[in-house]
Amino acid sequence: QVQLVESGGGLVQAGGSLRLSCAVSGRTLSSYSMGWFRQAPGKERRFVALIHWTDYTTLYQDSVKGRFTVGIHNANNTVYLQMDSLKPEDTAVYYCAATPRGATIGVKEYEYWGQGTQVTVSS
């Protein structure tokens, strides 16, 4: 069984940075895309960024382009999300997820999910 465990969330001031990590265990996900999603209170879970485990194809939500970077550390089977120039509107619970269905942004397309990590950006 695949397990995804996020870490790295916290409280940061606007303009600051955080780096989220997603540790993958259970089996190899070499044919999967790894996505990051976020969910603010009272709102739907939304796509943030993704990276394909093997060819490193990336995709970003327009509002985070140029500020967030998604990457993979193959040595320790970890996906990260580097978040710079954070804004209060980035406040949400951030989730890591995995899908075998290519570069897709649909929540329902993802098979495996982590438990989420809270990111709070103060103004």
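**Overall form**

I started with the radius of gyration. A compact globule of 123 residues would come out near 14 Å, and this protein has 13 Å, so the value agrees with a compact globule. I note here that the model is predicted. Next I took the extent of the C-alpha trace. Along the principal axes it spans about 40 × 30 × 25 Å.

I then looked up the surface. The protein exposes about 6,200 Å². Carbon and sulfur atoms supply 48% of that area. As for burial, 45% of the 123 residues count as buried.

**Secondary structure**

I counted elements. There are 11 strands and 0 helices. Read from the N terminus, the order is β-β-β-β-β-β-β-β-β-β-β. I also checked how far the contacts reach along the chain. Taking contacts between residues at least 6 apart in sequence, 55% join residues at least 24 apart.

**Nonpolar cores**

In soluble globular proteins, nonpolar side chains tend to be buried together. I looked for such groups here. The largest nonpolar core has 31 residues. Those with the most contacts inside this core are Leu-4, Met-34, Trp-36, Val-79, Leu-81, Met-83 and Tyr-94.

Another core lies apart from the largest one. This other core has 5 residues, among them Phe-37, Leu-50, Ala-97 and Tyr-110.

I went back to Leu-4 and listed its partners, leaving aside neighbours within four places in sequence.

**Aromatic pairs**

I searched for ring pairs next. The structure holds 6 aromatic pairs. I looked up Phe-37 with Tyr-110. Their ring centres are 4.9 Å apart, with 80 degrees between the planes, and the pair is edge-to-face. Where do Phe-37 and Tyr-110 sit in the chain? Phe-37 is in strand β4, and Tyr-110 is in the loop between β9 and β10 (112-113). The two are 73 residues apart, and the pair links distant parts of the chain. Phe-37 and Tyr-110 are both buried.

Tyr-95 and Trp-113 came next. Their ring centres are 6.3 Å apart and their planes stand at 80 degrees, so this pair is edge-to-face. Tyr-95 belongs to strand β9 and Trp-113 to strand β10, so the pair ties together parts 18 residues apart in sequence. Tyr-95 has 13% relative accessibility and counts as buried, because buried means under 20%. Trp-113 has a relative accessible area of 26% and is partly exposed.

Ring pairs also build a cluster. Its members are Phe-37, Phe-47, Tyr-95, Tyr-110 and Trp-113.

**His-52**

My last entry is on a histidine. His-52 lies in strand β5. Is His-52 buried or exposed? His-52 has 15% relative accessibility, so it counts as buried. The side chain of His-52 reaches the backbone nitrogen of Thr-54 at 3.0 Å. I then listed what His-52 touches, not counting residues up to four places away in sequence. The list is Ser-30, Ser-31, Tyr-32, Ser-33, Thr-57 and Ile-72.

Terms used. Residues are numbered from 1 along each chain as its sequence is written. This is a predicted model: local features need pLDDT of at least 70, side-chain atom pairs count only at pLDDT 80 or more; totals for chains, interfaces and linings use all residues. Side-chain values use heavy atoms; hydrogens and water are left out. A nonpolar core is a set of buried Ala, Val, Leu, Ile, Met, Phe, Trp, Tyr and Cys residues joined through side-chain atoms within 4.5 Å. Buried means under 20% relative accessible area, exposed over 50%, partly exposed in between (1.4 Å probe, protein chains only). Contact means heavy atoms within 4.5 Å. Helices (H or I, at least four residues) and strands (E, at least two) are DSSP runs, numbered from the N terminus. A polar contact is a pair of N or O atoms within 3.5 Å; within protein, one must be able to donate a hydrogen and the other to accept it, and residues adjacent in sequence count only if both atoms are side-chain atoms. The radius of gyration is taken over C-alpha atoms; the globule rule is 2.2 Å times the number of residues to the power 0.38. Accessible areas come from the Shrake-Rupley method with a 1.4 Å probe; for residues, only the protein chains shown count as cover. Rings of Phe, Tyr and Trp (its six-membered ring) pair if their centres lie within 6.5 Å; planes under 30 degrees apart count as stacked, over 60 as edge-to-face and the rest as tilted.
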